[in-house]
Amino acid sequence: MPETHLHVELLAHTPEPEKTCALAARTCYSAMEYDELKALVDEKDQAAFLRRIVASGHLSVLEHASFTFGISGVSRALLAQITRHRIASFSVQSQRYVSLAEGFGYIVPPRIRDLGEDAVKEFESQMAQMQTWYQDWQEKLGKGEGSNEDARFVLPNACETHITMTMNARELLHFFSLRCCNRAQWEIRALATEMLRLCKQVSPVIFESAGPGCVRGACPEGAKSCGQQAEMRLLYKNL
């Protein structure tokens with residue numbers, strides 16, 4: 001199968017996430033009953049209030065809004081990175097139950113592509129060889145999930161996978177601060193940037209200052225900074 005490309009879809013999210021978070025925040029500071037609080041939130045724009053809450057660091061209220069993404073065209077190498085974010089839920093295409101006998105998609109790293117056509121052909125040839133090894137082991141091991149789970153050991157980190165992932169807004173802000181950074185690995189940085197673009201469409205106030213740490217202040221990487229703070233601020237402002 002040919003190389004694949006990143007695709008991200010926002011499958012679902014908390015309805016009116018900013019109203020939900022504002023309601024949660026007002027619960028903390030008001031003696032009103034819920035019907036009164038809901039009426040207040042519905043009648044008055046909550047943007048300024050929510051900005052103050054986020055600026056104050058009262059981020060627990062953002063945990064009431066969740067976002068579910070459908071992700072494809074990413075590698076198993078990315079999977080190993082993204083599942084380190086433990087305040088999230090993941091459902092991943094299984095290499096045990098899903099046979100790849102008909103071929104697997106794979107990701108070609110940009111630096112290999114930059115080496116030119118010959119390098120890409122060499123990489124593709126290696127992927128084809130691994131496909132052959134996989135099919136050979138499936139035949140030797142017999143049919144069924146048992147053959148898949150052992151034959152998959154010869155599959156590469158480049159192998160494409162599909163992920164359904166859910167995070168709350170607070171964890172997403174943390175995720176973006178780490179993974180949108182120029183020092184993050186290129187694939188997960190591209191994924192995080194596209195996820196942030198989708199989040200901004202449905203929740204612009206919560207995510208208006210989201211992105212790498214340098215968009216909000218000094219670069220947290222210190223001496224390892226990429227030195228492109230101005231460019232990064234412009235990029236994420238206009239995302």
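Predicted model: local features only at pLDDT ≥ 70, side-chain atom pairs only at ≥ 80, totals over all residues.
**View A. Lining of the largest pocket, to which α3 gives the most residues.** The volume of this pocket is about 200 Å³. Its lining has 13 residues, and those nearest the centre are V54, L173, I206, S209 and R216. Two elements, α3 (47-56) and α8, each give two or more residues to this lining. The contribution of α3 is 4 residues. By residue class, the lining of the largest pocket holds 7 nonpolar, 3 polar and 3 charged residues.

**View B. Lining of the second largest pocket, with α9 as the main contributor.** About 170 Å³ of space lies in this pocket. Of the 13 lining residues, T4, H5, L6, I107 and W186 lie nearest the centre. At least two lining residues come from each of β2, α5 (110-114) and α9. From α9 there are 3, the most given to this lining. The lining of the second largest pocket divides into 7 nonpolar, 3 polar and 3 charged residues.

**View C. The cavity found in the search of the whole structure.** That search gives 1 cavity of 30 Å³ or more. R76 is part of its lining, together with Q93, S94, Q95, V98, L100, C159, E160 and T161. Of these lining residues, 3 are nonpolar, 4 polar and 2 charged.

**View D. Helix α8 and the elements that cover its buried residues.** Because 8 of its 11 residues are buried, α8 is largely enclosed by the rest of the structure. The buried residues are A169, E171, L172, L173, F175, F176, S177 and R179. L173 is also among the residues nearest the centre of the largest pocket. The cover over the buried residues of α8 includes β2, α4, β4 and α9.

**View E. Helix α9, residues 186-202.** The 17 residues of α9 reach 25 Å from the first C-alpha to the last, close to the 24 Å expected at 1.5 Å a residue. Buried positions in α9 are E187, I188, L191, A192, T193, M195, L196, L198, C199 and K200. An α-helix has 3.6 residues a turn, so residues three or four places apart point the same way. Elements covering the buried residues of α9 include the strands β1 (7-13), β2 (66-75) and β4 (160-168). The helices α4 (76-82), α8 (169-179) and α10 (229-237) are also part of that cover. W186, in turn, is one of the residues nearest the centre of the second largest pocket.

**View F. Cysteines C180 and C181.** With a disulfide taken as a pair of cysteine sulfur atoms within 2.5 Å, the count comes to 0 disulfides. C181 is in no disulfide either, as the nearest cysteine sulfur, that of C219, is 6.0 Å away. Both cysteines are buried: the relative accessible area is 0% for C180 and 13% for C181, where buried means under 20%.

Terms used
Residues numbered from 1 in each chain as written. Heavy atoms only, no water. 1 Å grid on protein atoms, 1.4 Å probe; cavity = no way out; pocket = protein on both sides within 12 Å on 5 of 7 lines; lining within 4 Å. Points joined across faces, edges and corners; volume = space filled by probe spheres on them. Nonpolar A, V, L, I, M, F, W, Y, C, P; charged D, E, K, R; others polar. Buried < 20%, exposed > 50% of the residue type's maximum accessible area, 1.4 Å probe, protein only. Expected span 1.5 Å × (residues − 1). Contact = heavy atoms within 4.5 Å.
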